[in-house]
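The following exercises concern a protein structure. Please study the sequence and the model before reading each solution.

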Amino acid sequence: MSYENKLLQMKKLLSKNTGQKQEKPAFIKPDPPFYSEQWQQAGLQLVENEFGMLFKREVHYPLDYKHGDYRLGELFKALKRWKYEADDHPFAIDEQETIVFFDTETTGLKGAGTHIFLLGFLQFDEEEEQFTLTQYVLSDPSNEVAFLFESKLWQKNMTVVSYNGKSFDWPQLQVRWTLNKQHLPPLKTQRQIDLLHSTKRLWKDDLARMKLTQVEQDKLGFYRKGDIPGHLAPIIYFDAIKSGNAETLMKVLLHNEWDLLSLITLYIHSTNLLFDAISTESATTYTNIGKWFGDLKKRQTSAEILQAVTKHFNTEETGYAHFYLAYELKRVGEINLAIESFHSALPTIPREKKLQAYEQLAILYEHQLKDYEQAIVFSEKGLELLQQIPFRKETQLLNKQRNWQKRLGRLDYKMNKNNVNKR
């Protein structure tokens, strides 16, 4: 038989094999853990499904339930504000969306060996007109399919609100789902709103730490008493499935409950902060808000907020506000006001920003006002300041020096030419 014929035969065999439908491996339901009764006595509800068993806890909160400075029902006022004031903002949520506040507890930070042992959901129950917290607890790793299946994340369409969930909790869930995909329906893709991102936008250079517990204390008026540190949660869980004692595990569930309640109040507080007039927050925070709207191309809103900052706070606090306002004024052609704002920013902004301000002033004086003498002044200031800024690579410094020197050479030429024309 020729070599070509052998290849054809092998191809036919391969096509037959790949065409055969592979059967899913049979699922063997795990045995129930020995501590089922103990965990129920601790306050957990036993749940069984076709894949095994897990535990569940539910807590209900009325609309006037207060967590820190806010009542949970204020969430709906916040949603209305988005509808009427900035419905196209990336953190806006429509009232018609199914909103689920989501948080997990895991046995580690990453890797295929890391399990999620607690899934926490908090959402509004329209029929009962109350908020309902639902926590699913992994009875043991052998019951992971039952645990994930019971979450109903394969059948719900929702907007997931979390704190670092977009980068951690949800990807970790996807990993666990993928490892059990032969037994589970496909996990649905959901809209994600990560409040860690908005927290960084609002309180950059204002909060020293962005941990949720720190935000609670500094911004939300909530102080935890008797809380379990998050890094101890894996140890507590493994001890609970080894000993059968769930008493300390219930404190981990309380930690998760507080996380979820704080997500609601953080969303309320952040929303109000974006739209309220300047009041209790710092100049840095309101400057961050103005810059955020500017980054979203909402120029007028950005300029209005930044102008309010420059009027409301002391000069020592408004350097950044003047700096970002100058860019917004430049974009709308208010050249003289932009120059004035850059000048106001210079005394208090750091040298990296100061270098940018010098560059912008040189550009505006050269191209807009044709004042080559002033353009040279700020170009020389920029070239001098450049020597004080550390760069990771020598080539970066050399390239920037070359650009500034090129600008100075062009300005010298223009000024000499202008002087000749005046004679």
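In what follows, Lys and Arg count as positive and Asp and Glu as negative, while His and the chain ends are not counted. The model is a predicted one.

**Exercise 1.** Determine how far apart the mean positions of the positive and negative charges of the protein chain are.

*Solution.* Begin with the counts: the protein chain has 56 positive and 55 negative charges.

**Exercise 2.** Compare the radius of gyration of the protein chain with that of a compact globule.

*Solution.* For a compact globule of 423 residues, a value near 22 Å would apply. The protein chain has 30 Å instead. For the extent along the principal axes, the C-alpha trace spans about 100 × 80 × 40 Å.

**Exercise 3.** State what percentage of the residues of the protein chain count as buried.

*Solution.* The cut-off for a buried residue is a relative accessible area under 20%. By this criterion, 48% of the 423 residues count as buried.

**Exercise 4.** Describe the phi angle and the surroundings of Asn-164.

*Solution.* As a rule, most residues other than glycine have a negative phi. Asn-164, however, has a positive phi near 70°. Its place is the loop between β8 (159–162) and α5 (165–179). With 29% relative accessibility, Asn-164 counts as partly exposed.

**Exercise 5.** Carry out the corresponding analysis for Lys-370.

*Solution.* Lys-370 is not a glycine, yet its phi is positive, at about 55°. The loop between α14 (351–368) and α15 (372–386) contains Lys-370. Its relative accessibility is 49%, so Lys-370 counts as partly exposed.

Key
Residues are numbered from 1 along each chain as its sequence is written. This is a predicted model: local features need pLDDT of at least 70, side-chain atom pairs count only at pLDDT 80 or more; totals for chains, interfaces and linings use all residues. Side-chain values use heavy atoms; hydrogens and water are left out. The radius of gyration is taken over C-alpha atoms; the globule rule is 2.2 Å times the number of residues to the power 0.38. Buried means under 20% relative accessible area, exposed over 50%, partly exposed in between (1.4 Å probe, protein chains only). The place of a charge is taken as NZ of Lys, CZ of Arg, CG of Asp or CD of Glu. Helices (H or I, at least four residues) and strands (E, at least two) are DSSP runs, numbered from the N terminus.
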